[in-house]
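User: I am new to reading protein structures, and I would like to learn how to describe one carefully. Could we go through the features one at a time?

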Amino acid sequence: MLHAHVTTPKLVIAWLSLLFFTFISFGASRLGLGGWEIGIALGISVVKSLIVLFIFMHLVEQRFANRLIVILTFLFIVLAVSLTSTDPLTRRTFPPRPDPAAHPYP
């Protein structure tokens, strides 16, 4: 069975990649990308959290069953965030705004 080990060079590369993604996240926030900022920030944070999970928390050295728990947890978080974000977009509970031309002020 092949075991991957986290060595010092891998830790340094992971730390440098975390710094790189931090600067990318900061740069993306300064560009003013509008609605894309949230998606880009979430994507960068997912990559950073995977680096932390697999390298710094030594998940790369674990069995697949332990990795499966992390994958299922990640998928559950994606499902919860997507359902939460689509709920206000699909909700039509507010009454329509009154038309000021239809009822002018007395």
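Analyst: Let us begin with surface: accessible areas come from the Shrake-Rupley method with a 1.4 Å probe, and for residues only the protein chains shown count as cover. Here the protein chain exposes about 9,000 Å², of which carbon and sulfur atoms supply 74%. This is a predicted model, in which local features need pLDDT of at least 70 and side-chain atom pairs count only at pLDDT 80 or more, while totals for chains, interfaces and linings use all residues. Residues are numbered from 1 along each chain as its sequence is written, and side-chain values use heavy atoms, with hydrogens and water left out.

User: How many helices and strands does the protein chain have?

Analyst: Helices (H or I, at least four residues) and strands (E, at least two) are DSSP runs, numbered from the N terminus. The protein chain has three helices and zero strands, which gives the pattern α-α-α along the sequence.

User: What radius of gyration does the protein chain have, and what would a compact globule of 106 residues have?

Analyst: The radius of gyration is taken over C-alpha atoms, and the globule rule is 2.2 Å times the number of residues to the power 0.38. A compact globule of 106 residues would come out near 13 Å, but the protein chain has 22 Å. Along the principal axes, its C-alpha atoms fill a box of roughly 80 × 35 × 15 Å.

User: Is Leu-31 buried or exposed?

Analyst: Buried means under 20% relative accessible area, exposed means over 50%, and partly exposed lies in between (1.4 Å probe, protein chains only). Leu-31, which belongs to helix 1 (residues 8-31), has a relative accessible area of 62% and is therefore exposed. Across the 106 residues of the protein chain, 8% count as buried.

User: Where does His-58 lie?

Analyst: His-58 sits in the loop between helix 2 (36-56) and helix 3 (64-90). Because its relative accessibility is 31%, His-58 counts as partly exposed. Its phi is near 60°, a positive value in a residue other than glycine.

User: How many aromatic pairs does a search of the whole structure find?

Analyst: Rings of Phe, Tyr and Trp (its six-membered ring) pair if their centres lie within 6.5 Å; planes under 30 degrees apart count as stacked, over 60 as edge-to-face and the rest as tilted. The search finds one aromatic pair. The ring centres of Phe-20 and Phe-21 are 5.5 Å apart and their planes meet at 65°, so this pair is edge-to-face.
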